[in-house]
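Here is a briefing on a predicted model. Please look over the sequence and structure, then read the points below.

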Amino acid sequence: MKSYLKELNDVQRQAVTRVDGPVLVIAGPGSGKTRVLTYRIAHLIEEGVPPWEILTLTFTNKAAREMKERIANVVGDKANRVWAGTFHSIFARILRVESDKIGYPSNFTIYDSDDSKSLINAILKELNLDKTVYNANAVRSRISYAKSDIIGPKAYKEKEELMQQDRMSRRPHLHTIYEKYVARCKRSGAMDFDDLLYQLYILLYKNKGNVLEKYQQKFKYLLVDEFQDTNYLQYAIVKKLVKYNNSPENICVVGDDAQSIYAFRGATIDNILNFEKDFKKLKTFKLEQNYRSTDHIVQAANEIILKNKKQIQKKIWSDKGEGQKIKVIKAMTDSEEGKRVADTIIEQKTRYHLKSSEIAILYRTNAQSRVFEEYLRRHNILYRVFGGQSFYQRKEIKDLIAYLRLAVNPNDEEALRRVINFPKRGIGATTVEKISAIAGETDRSMWECLEEVQASARAKKSISDFKKIVKVFIERAKTANAFELASYIARQTSLLDILKRDTTIEGMGRVENLNAMLDGIKDFVENDEVIEGIADTDKSLATYLQNIALLTDLDDDTIEGEYVTLMSIHSAKGLEFKSIFVVGLEEKLFPSFMSMDSIEGLDEERRLFYVAITRAEQFLTLTYANSRYRYGKMQYNEASRFLEEIDFDHLEATFSIQRKAEAATTGAKVMGNFKPLNKIANTTLHADPATFKPDSSDDIQTGMKILHLKFGEGKVINIDGSPGNQVATIFFKGIDNPQRRIMLKFAKLQILD
DNA sequence: GGGGGCTATGGGGGG
DNA sequence: CATAGCCCCC
């Protein structure tokens with residue numbers, strides 16, 4: 001047996017060595033999914049498959065990069081020639097080569113979501129539609145859904161169901177916006193994120209020049225990671241590539257329905273379910289052993305996911321021992337939550353010698369990071385925040401990028417609008433709208449009709465000056481490399497000088513950012529390492545721009561070191577840490593108020609919670625705050641229902657005792673919120689003064705069941721304070737504020753057992 | 001056309 | 001709280 005096969009368990013090995021025909025791997029968290037994928041690719045190569053005939057599609061660049069590294073560990077340099085990347089980046093690469101077949105230039109611009117939104121807002125204005133009703137985000141997600149279901153503007157209009165929904169949500173003109181949006185992207189030579197998939201599908205579907213057969217031949221083996229997060233469109237493309245007459249159907253998909261957390265961008269679990277129908281010769285493997293977490297964590301995860309309706313039956317298990325119980329921290333305010341988490345991190349670092357890099361704080365929304373940053377800074381703990389605004393979304397960076405985009409593709413309207421009057425050159429909103437109107441009437445890009453506008457002599461002069469400098473950029477782009485051009489533009493447009501005038505700390509940060517951007521471009525140009533095969537050796541500015549459009553700051557692995565990781569749960573998927581803090585476990589925050597009104601929405605939130613806790617190897621801490629600042633207002637929150645869904649046995653004593661008592665008085669572990677008790681339960685044992693015999697306070701110890709003359713039966717949770725002044729924290733079930741602090745030297749307590 | 005200051009509004013996850 | 005949009009004045 002090949003040595004790498006010995007590193008696999010039986011099921012993993014079967015999944016790796018079954019190379020021909022369709023394979024589905026259902027992989028629970030921590031079950032060695034990446035190992036199976038990478039070893040499978042390595043095995044294919046060892047069996048003689050040329051690496052460039054293998055296509056691996058992932059969701060993040062990070063996953064793709066990691067996979068290549070791990071394949072290289074087994075097969076060496078050949079790993080570089082495997083096609084491995086995100087759906088978006090691989091498809092963008094193909095579209096760059098084939099775009100002429102669907103009427104796009106090869107130097108097409110990729111619109112990010114800000115570009116899409118601003119285009120939608122421009123269209124709303126032109127159509128005179130109320131932007132509170134036609135909210136740009138809502139419109140964008142509607143268009144995105146349509147594309148993900150392969151419904152173009154024309155088909156959209158003909159689908160009565162969709163039109164009905166739009167009328168119901170008082171957005172009857174949505175299809176018009178969609179139609180205009182698509183037209184505007186086209187005439188700008190731009191594709192949004194969904195287009196990278198949608199247009200590739202169109203390319204394969206139209207099959208001009210037998211481009212479909214070309215890629216069916218090219219990619220003999222296909223692998224898809226995180227298959228549960230694919231949408232209808234992605235699956236349709238995959239099928240186009242591997243399902244045809246006499247196809248060997250060499251496709252392997254890996255996924256876990258329980259970790260599907262991207263329904264909001266069109267992902268559907270149906271793809272896993274349909275997979276079995278679409279590929280009759282399918283062989284399914286289930287990876288159920290968890291190699292990551294200790295048992296309390298694994299079992300808690302199992303219990304939680306059971307609450308969901310739809311799922312593929314599986315039971316995840318671990319042989320790592322029962323491990324630590326899950327700690328629950330209840331804080332009064334968000335600020336206290338931050339403090340207690342920082343304190344706990346210090347404690348874990350000293351008591352268990354955890355390194356910062358082994359710890360992560362995970363939250364539902366990126367906005368929650370601030371308090372944790374504050375307290376970590378106070379404690380001098382290094383941290384790094386992922387997500388939120390990425391480097392390339394900063395204003396100063398986007399401004400420079402907009403000029404670069406124009407130099408590559410002057411039809412790019414969003415770029416043009418962004419910089420036509422920045423820095424100020426006297427082309428105001430009125431003039432821009434006039435240009436836009438001409439463009440709309442004649443269906444050309446704004447760039448093409450710049451000088452046809454009726455305006456004051458001064459405005460016309462400004463416009464022709466603007467056109468002149470952009471033309472210079474376009475010319476230079478043909479000969480100069482990306483770095484030379486970018487530096488030239490930064491100087492010529494005085495972007496850098498303007499920033500330098502701002503001497504505030506933020507202003508200086510912006511100068512640094514712009515310089516860092518220039519350095520980044522320099523790196524891109526000067527990195528002349530040529531990797532044989534398909535690896536990117538294209539140093540053109542167009543390629544650079546398309547690359548960075550698809551980067552997130554999760555992909556920035558240049559910063560290495562000892563820091564605590566702060567990120568959203570979504571971006572933590574696929575990662576693991578010794579110690580995980582899942583924070584902000586409150587109703588309306590997690591689960592999010594946006595998802596609370598439907599079962600499907602709640603189920604997805606629950607899967608998200610499942611993903612969150614299964615990131616932990618040894619320590620899991622769940623926290624919530626009674627009140628927190630949100631949108632500048634104080635909000636009062638109940639603890640998340642998800643906390644209730646974990647069996648008490650997996651929780652640390654304090655919290656589980658409290659919860660047990662509450663469950664006893666409320667009658668059940670019902671779904672919903674647990675509020676402070678306000679009734680005295682009739683089951684509570686009250687002390688009878690006649691038979692009450694207090695024991696000596698010196699004998700009271702943590703964990704004892706005791707009887708108190710006034711409060712009744714209780715359990716000692718903790719004893720602290722200096723000798724002679726000891727204070728016991730006792731939980732009395734069935735009274736208001738059940739947790740009481742009692743001075744032992746005065747207390748009259750009878751020990752029950 | 002440009003700039004400052006005020007008010008209203010939205011508010012999630014990401015490629 | 002952050003941002004967009006508006007009004008007003010230069």
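**Protein and DNA strand B**

The surface near DNA strand B comprises 11 nonpolar, 22 polar and three charged residues. Here Ala, Val, Leu, Ile, Met, Phe, Trp, Tyr, Cys and Pro count as nonpolar, Asp, Glu, Lys and Arg as charged, and the others, Gly among them, as polar. The model is predicted: local features need pLDDT of at least 70, side-chain atom pairs count only at pLDDT 80 or more, and totals for chains, interfaces and linings use all residues. Residues are numbered from 1 along each chain as its sequence is written, while chains are lettered from A and ligands numbered from 1 in the order in which they are written.

**DNA surface**

- DNA strand B is surrounded by 36 residues, each with its C-beta atom, placed from the backbone, within 6 Å of the strand.
- The closest are F264, R265, G428, T552 and Y631.
- Helix α19 (429–442) is one of the helices that supply at least two residues (helices are DSSP runs of H or I, at least four residues, and strands runs of E, at least two, numbered from the N terminus).
- α19 gives the most, with three residues.

**Strands β2 and β3**

- β2 (residues 54–58) and β3 (residues 83–86) run parallel, joined by four bridges (strands pair if DSSP finds at least two bridges between them).
- L57 has G85 in β3 as its bridge partner.

**Helices α5 and α6**

- S113, S116, K117, I120 and N121 in α5 meet A136, N137, V139 and R140 in α6 (contact: C-beta atoms, placed from the backbone, within 7 Å).
- The residues of this contact divide into three nonpolar, four polar and two charged.

Conventions: Contact = placed C-beta atoms within 7 Å.
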